[in-house]
Amino acid sequence: MAGLTVSRILHAGYVFECEGRRIAFDTIFENPFSRNCHAFPDVRFDGEAIRRQRFDAVFISHFHDDHCSLESLDLLDRATPLYIYCLFDELFDMVRHLGFTQVHSLALNRPVEIGPFSVTPREAMDAGVDSMFQVRAAGMNVLNVVDSWIDDGTLAQLVAQGPWDMVLWPFQTMRELEVLAPTRHAAAPPGLPEEWIAQLKALAPRIVVPSSCQFLQEPWSWYNRAFFPISYARFAQEVGAALPDVRIVRLDPSVSVRLDAGGLHAAPPLPWVIPVGPQDVDYVYEGNAAPPPTGEIARHFAPLGEQEQARVTGYCRHGLVAKYGDTEAGCDYFDRPRTWRLSVFDHDGRACDYHYRLDGGRASLVDAGAAPLGWTTEIPAAKLYAALELGESLTSMYMRINDAVFDADTERELLDAEIVDDPLIRCLFGDTFGAYQAAQLRRLLAR
């Protein structure tokens, strides 16, 4: 049947089919993915059926683990051509170690031709990380924004590439940093960013699909009420009011549609993406949602084994002290000596406190009360271990930063400090690339 068929996998994952050829984007076949991202609405995947699928190509927009997961790629035939946008050679090496024989680096604005498809990576605002995709097939022109932001220069280029038949738009903003320091951030309003409406008006597509996101954290997590400010209903309301001639279509996992010059038509769903329970669900936002203490959060995680606990203790006493000198803050808050308290909570909610004197590029353990505190960090021990050994990412670690009241001078100076300059964040993530995928690769190769 003529036209272009678009099917949703999960998050930013899609299958495009045209003239008997199939390509896929950002293939995530896991629930949960990225350790604690639970599909919303809920789905399960038929792994054996996925192993039988054949794609003419798979495109990956960037290296983040909710877009490039080796455990998901492990389900694909190793002869599948992979096209990846990434500036780091390490990722390509890992994918090749997994056994893929056709691994290609994508270049911005250089189209890749796959049968009837022309796929062109387009520049995102953070070109060092992200990319977007323009897909042409069957006379249709689709923009997959993935979960990127668009600057004015790229917007002008995209407008010139129109008209657009469909735009897959990342409809959800995420308060990834705000939830790390909830006492120091006001609750964000639930509306869409102002520039989104202006950009969608400029692109003027026939159809808009609220794309990306589609997950919640663990059922008990307070993040589920504080992380996602925008509901599907709010997106449809605001975009519909601003662009009354645009059709807004929600595609849940497994759902397929056929796009042609005459409009949008229902198509058979992906049989290997299996909906579980109600699918017409939506996000609920409650501002900062009364975050529970870190000790209470830590009780949700299993106790560490003896070796795992030794890894955490050794890192706090020695590894972190040695690593700190290799890190650098982006702001000048840490240019003067500060006393930092790191609190690591076990599965019973008990804290083990470590106090450090941070002086320039040097960190040293000191006694509690040696000097007034200038920074605090809290984290469950299980999550610290997972970051050290399992590639856990910052957004799922339940870290809590500066949840304290400091002296007046420190409070004033903290107004100009950046949350991501937290000493633990810098030591864990400052010069690390692909820790999540590297941990996956170790597990997969050890089977």
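Q: How much space lies in the largest cavity?

A: Rolling a probe the size of a water molecule over the atoms shows where empty space is left. In this predicted model, about 40 Å³ of space lies in the largest cavity (a set of points on a 1 Å grid over the protein atoms alone where a 1.4 Å probe fits but cannot get out). The volume is the space filled by probe spheres set on the points, which are joined across faces, edges and corners.

Q: Which residues line the largest cavity?

A: The lining (residues with an atom within 4 Å of a point) consists of Ser148, Trp149, Ile150, Trp169, Pro170, Trp196 and Gln199. Strand S13 (166-170) and H5 each give two or more residues to this lining.

Q: Which residues of helix H4 are buried?

A: An α-helix has 3.6 residues a turn, so residues three or four places apart point the same way. In H4 (residues 152-160), Thr154, Leu155 and Leu158 are buried (under 20% relative accessible area with a 1.4 Å probe, protein chains only; exposed is over 50%). Seen down the axis of H4, these buried residues fall within an arc of 105 degrees, so they line one face of the helix; the arc is that of the directions from the helix axis to the C-beta atoms. Asp152 and Ala160 are exposed on the face turned away from the buried side.

Q: What numbering and limits apply?

A: Residues are numbered from 1 along each chain as its sequence is written. Local features need pLDDT of at least 70, side-chain atom pairs count only at pLDDT 80 or more, and totals for chains, interfaces and linings use all residues, while side-chain values use heavy atoms, with hydrogens and water left out.

How values were computed
Helices (H or I, at least four residues) and strands (E, at least two) are DSSP runs, numbered from the N terminus. On a 1 Å grid over the protein atoms alone, a cavity is a set of points where a 1.4 Å probe fits but cannot get out, and a pocket is an open set with protein on both sides within 12 Å along at least five of seven lines; lining residues have an atom within 4 Å of a point.
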